Amino acid sequence: MLNYDLVVVGGGPAGMAAALKAKEEGVEKIVILERAETLGGILEQCIHTGFGLHYFGEELSGPEYAGRFIEQVEKTDIDVFTDTMVLNISNSNVVTAVNNNEGLMQFQAIAVVLAMGCRERPRGALSIAGSRPAGIMTAGTAQKYVNIDGYMPGKKVVILGSGDIGLIMARRMTLEGAEVKVVCELMPYSGGLTRNIVQCLDDFGIPLRLSCTVVKTHGKERLEGVTIAQVDEKLQPIPGTEEYIECDTLLLSVGLIPENELSKDVGVELDRVTNGPVVDEYRETLQPGIFACGNVLQVHDLVDYVTEESQIAGKGAADYIFGKKKGGKFINTKGINGVRYIVPQRVNIEGEEKLKLYFRVGQVYKGAKVVVECDGQILSSKKKVKLAPGEMENVVITPEMLKNMNENSEIIVRIEE
Amino acid sequence: MKYDVAVIGAGVVGSLITRELSKYNIRIALLERCNDCAMGATKANSAIVHAGFDAKPGTLKAKLNVRGVELMKKFCKELNVPLKNNGALVVAFSEEEIPHLEELLKRGEQNGVPELRIVKRDELKQLEPNIGDTAVGALVAPTSSIVCPYELTIAGVENAVTNGAEFIRNCEVTGIKSENEEFVLSTTAGEITAKYVINVAGVHSGKIAKLIGDNSVEIIVRHGDYYLLDKSQGTLASHTVFQCPTKMGKGVLVSPTVDGNLIVGPSASDIDDGDDVATTAEGLDKIYNAATKSVPAVSLRNAITSFSGNRAHPATDDFIIGSSDVNRNFINVAGIESPGLSSAPAIAEMVEGIMTELTGGMEKKENFDPIRPEPVRFRHMSTEERAKLIEKNKAYGRIVCRCETITEGEILDAIHAPAGARDVDGVKRRTRAGMGRCQGGFCGSKVVEILARELGVPMNEITKFGGESKIMYDRTK
């Protein structure tokens, strides 16, 4: 058994930021366990720019953004095991991991930070009818083939889903000489960042079809085409609107799912909307000493916010290790009227620091107000030019706002049109 | 190439026949038109070893099913294939359906199926708490089991190859001539001669029989769609839950699989093209609606994939097994629809008998080894077993498929096994890498990399399942 103060599961941007913050706070023995060959997580295959605008104030590529944290980790005495898979976390915080060098390892931790990231929703989850040939894959898999392995997965491409990876891959495939015929989005709005729609589709003349989906795949061995169709308000295909599009590749960018299998095994309670753990403002889950941050907690659109969130978790873990974490009284946060979820789900009303509640809306709003209230009292109200499901929003809660609350209070965030 | 026996088609029946014949001192070739075994109906069916109450008494289906259930235990033990005796229920959803159950009970007893009984609603609810509220009673068949059909097939082929049979892939038979008491087969893998031909070509067995002028094998392609649900749904039903059968088959079932998933299906529609395994929106809708009648908690939110398979439905409604009237050294084993998987070991035994009769007795091999060694299954091991395994071979310390916890060592084993994997789906069927909830999103490219390295070819020559199913094209710019 190896003894550590803090075990961080995952060495992507979340895990690294949490570990570094804990180190800065004075935690001595920290280990990062990473399943890939290198630290950096999914950023390593995101060779486009646009990372770090908020956090570093400059525009970096994914590997550059990750590189800055990898450098910092290397300068510390944080232990790192790469190519190492965590198999299990016990409820006494024993983390079992395996690699082909050290074999099976067990780490006894005081605190654990979950930073496993997320995975892409695969085709099977969509129930698209048709054949199952080669040439259908998630946008992220295609991104790895192109950017890491150096192979093109196809030449004539249809993309289903306008999530950010799908948009980025529309541009990437075009730059590599493929013809991206159309990006179909089931919803009446895109799930991606506005800047990605402009820079990745509009600039290249790639059509985005809203309220449109793939209803059938064709081709026995290799994909030969897809049938697309418009959908109604209930998202059901409208008969008569079918259109056949010849293509050899279908990329799916239809949602990301936090990878919480390890969390579930150790009994961490999950939020039904985020599919991530329920956490308090320190990013501690309902299991004492287990923290979560990054895409395993909630799917982010900007890595800058992942870093911010993970530093909170790193600080929370450090406080926990030093026995400094305040007891306090915790109340729930709740999103209604268009606010799909809020992270953190619990807030300490005796907290002495300013905190942010992160949330996403369920549809596009223009000129709507974001209202925060508690026990019938409006705490803040702010008009926003645009709110969209693809962009994470936040509201600030100050210690003053918390002063008049009691254990039965509930902080509500809602949209007012 | 000259052989004593050519078996056409490496589905579960072809595999087990080849394995039974590999007991003898004869040269056997198992010819498969695809890049792997288990590529037809074998990889896309309900994966049930039926108790045997469904088939009409006196038919081959009835006889071979009941015998198959017995033999399956021995086969699975020797081949180290997991077989789980979970029992089956045929559920009646109205009082009018109860006589159907009584009919099935009677039929089952005639067929020699043990332990059948009919239970009322209350007991049914105890047996299967998630059953739909409209259920009024059920026929209980305790001897029904579940098995993974492609695992059984792969194990059979491996064992046959270990015992000297040859497995020839990408070998489509396009013509058969009969010369000097021998058959000369034109195939996409060159000319093959054999004294005996066993036609186990599934939906294409009619076409193969016609190559020698035998027009008696009439096959109707019956298409069925399925959903496979995440392991989190695998406990929604502990039995295999059927509804009352119809003219088109046993109807839609909901069943756990040996690997712990939940399978739902099949639909049934007759089609022309035996190779058309595209799922249909109508079929998928139908099975979902039917499944939620049996087990209302079934939810497509947890579907990890949908697929379809084509059963070879014989026009005669019974298995066609025996020497052809055109040439008695040509044996048809055709129309093997449900309960084909259940019957497969018994069909193999029957064909072994036919061959013995035709040849006047074959000489047994002295060194026949009936055991196919159990593959390493890291996911089923304890911490201590895992530690020991990795100490012996470090490749077992590298997890490639994170959803199913599959190691690089297991993938290497699958590639280097007798008749090993040559493509991504082959690795998937042998190891379960890519079979989990992310469906190969993460490990797919690693599997391609390992295959390319081990087979000594560039990554862009690796296919999903042979032929033109290449995963990548050219290098990037």
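Residues are numbered from 1 along each chain as its sequence is written, and chains are lettered from A in the order in which they are written. Because the model is predicted, local features need pLDDT of at least 70 and side-chain atom pairs count only at pLDDT 80 or more, while totals for chains, interfaces and linings use all residues.

**Stop 1: the domains of chain B**

Colour chain B by domain: domain 1 is 2-42 + 150-219 + 317-359, domain 2 is 84-145 + 220-312, and domain 3 is 378-461. These bounds come from an automatic or database domain assignment. Between the centres of domain 1 and domain 3 of chain B, taken over C-alpha atoms, there are 30 Å.

Next, select the contact between these two domains. Residues are in contact if their C-beta atoms, placed from the backbone, lie within 7 Å. Domain 1 of chain B brings 11 residues to this contact and domain 3 of chain B brings 8. Helix α5 (residues 149-162) of chain B supplies the largest share of the domain 1 side, 6 residues. Helices (H or I, at least four residues) and strands (E, at least two) are DSSP runs, numbered from the N terminus. By type, the domain 1 side has 7 nonpolar, 2 polar and 2 charged residues. Here Ala, Val, Leu, Ile, Met, Phe, Trp, Tyr, Cys and Pro count as nonpolar, Asp, Glu, Lys and Arg as charged, and the others, Gly among them, as polar.

**Stop 2: helix α11 of chain B**

Select residues 424-431 of chain B, which form helix α11. How many of its 8 residues are buried? The count is 8 of 8, where buried means that 20 or more other C-beta atoms lie within 10 Å of a residue's own, exposed means 12 or fewer, and partly exposed is in between, with C-beta atoms placed from the backbone. Charged residues are among them: Asp425(B), Lys428(B), Arg429(B) and Arg430(B) are buried in α11(B). To see what covers the buried residues, show α5, β22 (406-407), α10 (408-416) and α12 of chain B, which are included in the cover.

**Stop 3: where the chains meet**

Show both chains and select the contact, which takes 46 residues from chain B and 42 residues from chain A. On the chain B side, the elements that give two or more residues are α7 (281-294), β18 (303-314), α9 (383-392) and α12 (444-455). That side divides into 18 nonpolar, 16 polar and 12 charged residues.

**Stop 4: strand β2 of chain A**

Move to residues 30-33 of chain A, strand β2. In a regular strand the side chains alternate between the two faces of the sheet. On one side of β2(A) are Ile30(A) and Ile32(A), on the other Val31(A) and Leu33(A), and all are buried.

Strand β1 (residues 2-9) of chain A runs parallel to β2(A), joined by 4 bridges, and Val7(A) has Val31(A) as its bridge partner. Strand β5 (residues 79-81) of chain A also pairs with β2(A) in the parallel sense, over 3 bridges; there Val31(A) is partnered by Asp79(A).

**Stop 5: the five-stranded sheet of chain A**

Which order do the strands of the open sheet have? It is β23-β21-β30-β26-β27 in chain A, with mixed pairing. At the edges stand β23 (346-348) and β27 (377-383), each with a single partner strand, so one side of each lacks a neighbour in the sheet. Inside the sheet, β21 (residues 330-336) and β30 (residues 410-416) of chain A pair in the parallel sense over 5 bridges, with Gly335(A) opposite Val413(A).

**Stop 6: backbone details**

Most residues other than glycine have a negative phi, and most peptide bonds are trans. Select Val343(A) and Pro344(A): the bond from one to the other is cis, with omega near 0 degrees. Pro344(A) sits in the loop between β22 (339-343) and β23 of chain A. In chain B, Gly265(B) and Pro266(B) are joined by a cis bond with omega about -5 degrees, and Pro266(B) is in the loop between β16 (262-265) and β17 (269-271).

Finish with Asn93(A), whose phi is positive, near 60 degrees. Asn93(A) lies in the loop between β6 (85-89) and β7 (94-99) of chain A and is partly exposed, with 19 other C-beta atoms within 10 Å.

Key:
Two strands pair if DSSP finds at least two bridges between them.
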